[in-house]
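Thanks for asking me to look this over. My notes on how the two chains meet follow below.

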Amino acid sequence: MGIGGEATAAAFQPPPGLEWHSVSSRLGWYRKIQVVGFGVVVVVAGAALAARVLPAGGALLAVCVLIAALLVGWLVTELNWRSWGYVEASDELLLTHGVIWRRLIVVPYRRLQFVDITANTVQQWLGIGTIRLYTAAATTQARIPGVPLADAVSLRARLARAGVARSAGR
Amino acid sequence: MNRPEFLPPVTGHPPAGPVRTEEPEPVGMPPDGDRPAEDTPAVTFSEAAYRLHGATVVLRGVGIIVVTIGIFLPLIHDEAFLITGFTLLMFPYSGAVFGVAALAWSRVRFWVHDENLVYQSGVLRRASRQIPLRRLQGVDVIRPLVPRMFGLAEVRIELAAGDRSELRFSYLARPMAERLRAALLAYAAGLHGGTPEATERRVHRVRMRDLLAGLLLRVPVMAGLALCLFLGLVWAMTKESGVAGGLAPAMLVLGREVGWPLVAWGRFTVSSSPDGLRLRSGLLVSRMRTVPPGRVHAVHIEQPVLWRAFGWVKVEVTVTGYGDGRDSAGVTLLPIAHRDVAYELVDLVFPDASLGTVELVAVSPGRFDHGGSGANDVVFVSRHGWPGRTIDVVAHERAQSVQLVAGPWQRARGRATVYLDTPSGPGRAALVLPVRQARMLVEQQVARGRLAEHRERPHSSQWQDEPAP
């Protein structure tokens with residue numbers, strides 16, 4: 001987190017008087033399920049390959065490497081979900097995410113064209129969803145994953161209302 | 001009107017008046033250039049349904065037959081028997097082609113109903129499109145070579161609706177096409193469709209020699225020319241036929257980089273009128289585009305390195321409707337012109353922008369690319385690039401969202417990138433700044449967007465509002 005020091009950290013703060021609203025820790029679990037699912041495939045394939053190609057000691061090493069990778073993956077998911085944050089200011093929605101590449105996106109409500117919520121099977125089971133905000137610009141890429149579904153629905157309703165209230169053309 | 005019950009209920013029925021192809025009294029139109037407004041009597045597309053010009057049938061039919069002959073003749077050219085058979089077959093075939101073309105033509109009808117343009121067509125599958133004219137993004141009048149010889153023109157309209165968002169009227173008589181264009185733009189502005197055509201003022205005309213010089217004076221083209229010269233010399237000395245093989249692709253590239261733009265942008269004129277900017281261009285296919293005011297999101301000014309000595313620039317704009325899809329390069333506002341002309345034009349696109357007076361603050365003094373940014377109440381300007389140079393101009397009231405991104409390298413150096421998102425097209429302004437300034441810029445941009453929204457826009461507000469309640 002330390003790269004760039006205070007200045008960078010300050011640049012990604014929420015507007016004065018507001019706090020980042022963090023997403024559900026279940027996003028972390030969702031990411032872990034993804035990592036483990038992917039990890040199992042890699043471990044099995046890696047083990048099969050290692051058994052054929054490498055001598056016995058090498059196979060052990062390969063398994064160690066894969067387990068280390070899983071641990072790193074675990075850590076990354078933990079950092080990832082904690083990096084997400086959003087806040088509803090009076091005229092715009094601010095959101096931030098990213099650990100290595102930090103991003104701050106400001107979407108004025110009057111620019112919103114539509115807002116949608118998606119949740120795949122696993123996300124539904126965890127009770128979280130992804131909110132996407134669409135403006136006329138395809139480059140906007142504003143989404144908030146891991147919002148508890150009930151919150152997501154009310155947030156979408158608030159955004160839609162705010163969008164209509166402040167809309168002027170496009 | 002033979003099957004009116006087919007029409008969806010929202011469409012309304014064609015007006016009771018007779019179906020017309022032409023104006024009662026066609027008016028002679030002067031050739032390209034400024035056209036006085038008084039010789040365009042009111043056309044009311046809401047009072048009668050109109051057809052395309054009858055000659056469309058002939059042009060379409062002949063076109064299809066020529067293509068058919070072109071495909072089959074090379075296959076059968078050496079067999080007298082086949083040629084006779086083919087010729088005999090062509091008679092009923094031509095009849096069928098003309099019949100279908102005539103039928104298709106007879107089914108096309110268009111009129112204006114309640115600020116909507118209704119376009120009915122189709123032989124087997126009848127279609128009726130209803131187009132809200134308030135959503136109109138631009139109108140083109142295109143005159144391809146052959147229809148032009150018959151005094152015909154095509155009208156093409158663009159809507160902000162993604163795919164299939166254009167509609168072509170091919171072909172109409174030239175005066176009719178002009179009239180339709182004017183009427184559609186008037187309806188789009190919320191005026192009565194019979195409003196006489198707005199008067200226009202020529203802003204700039206690109207001289208042919210400037211265009212040619214500009215197209216040649218670019219690094220890839222110069223390199224291509226040098227390569228051609230070199231290969232030609234080698235060939236002259238060695239008479240090695242393989243060298244000619246290398247010449248062909250080089251010539252192709254030159255044709256694409258110089259020949260095609262020359263034909264497309266020849267006789268380029270920009271005029272301004274109350275209903276928008278009018279861009280005329282084209283040597284073979286002459287095209288007139290109208291970009292209504294308030295439809296432009298961003299302007300992108302490019303300056304290839306060799307143009308800098310002359311102060312020449314190229315100007316492109318991002319317009320909804322254009323830009324995403326068919327014409328991914330956006331609309332070229334000026335293929336080549338002096339910087340001052342370009343600035344003047346930007347002021348027309350974004351009223352009160354006065355681009356020339358915007359002071360650009362260097363991102364980091366002494367940097368080799370002289371990158372900088374600045375803003376006033378209307379626009380945000382950023383300049384970057386080296387040795388070629390790019391200036392992006394985004395209107396505050398048009399910017400969609402603002403992003404601040406800092407990657408690991410940038411963070412180590414205390415920097416971040418600010419992006420202003422505009423609808424797709426050539427203009428996405430990005431600026432690398434010290435991180436504290438970057439965040440300040442984000443806040444400033446958001447505040448400016450908020451202010452611009454509240455400012456009065458007497459000139460262009462008509463264009464941006466949704467239909468009035």
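How many residue pairs are in polar contact between chain A and chain B? The count is 12, with both residues at pLDDT 80 or more; a polar contact is a pair of N or O atoms within 3.5 Å, where within protein one must be able to donate a hydrogen and the other to accept it, and residues adjacent in sequence count only if both atoms are side-chain atoms.

1. A word on the basis: this is a predicted model, in which local features need pLDDT of at least 70, side-chain atom pairs count only at pLDDT 80 or more, and totals for chains, interfaces and linings use all residues. Residues are numbered from 1 along each chain as its sequence is written, chains are lettered from A in the order in which they are written, and side-chain values use heavy atoms, leaving out hydrogens and water.

2. Contact (heavy atoms within 4.5 Å) links 34 residues of chain A with 32 residues of chain B. The buried area is about 2,900 Å², and carbon and sulfur atoms give 50% of that; this is accessible area (1.4 Å probe) lost by the two parts on being put together, summed over both.

3. The rule finds 2 salt bridges across the interface, a salt bridge being a side-chain nitrogen of Lys or Arg within 4 Å of a carboxyl oxygen of Asp or Glu. E92(A) and R450(B) form one with their side chains, at 2.9 Å from N to O.

4. Strands here are DSSP runs of E, at least two residues long. β4(A) is joined to β18 (residues 401-406) of chain B by 5 bridges, and the two run antiparallel. Opposite R103(A) stands V405(B), in β18(B).

Conventions. Two strands pair if DSSP finds at least two bridges between them. Helices (H or I, at least four residues) and strands (E, at least two) are DSSP runs, numbered from the N terminus.
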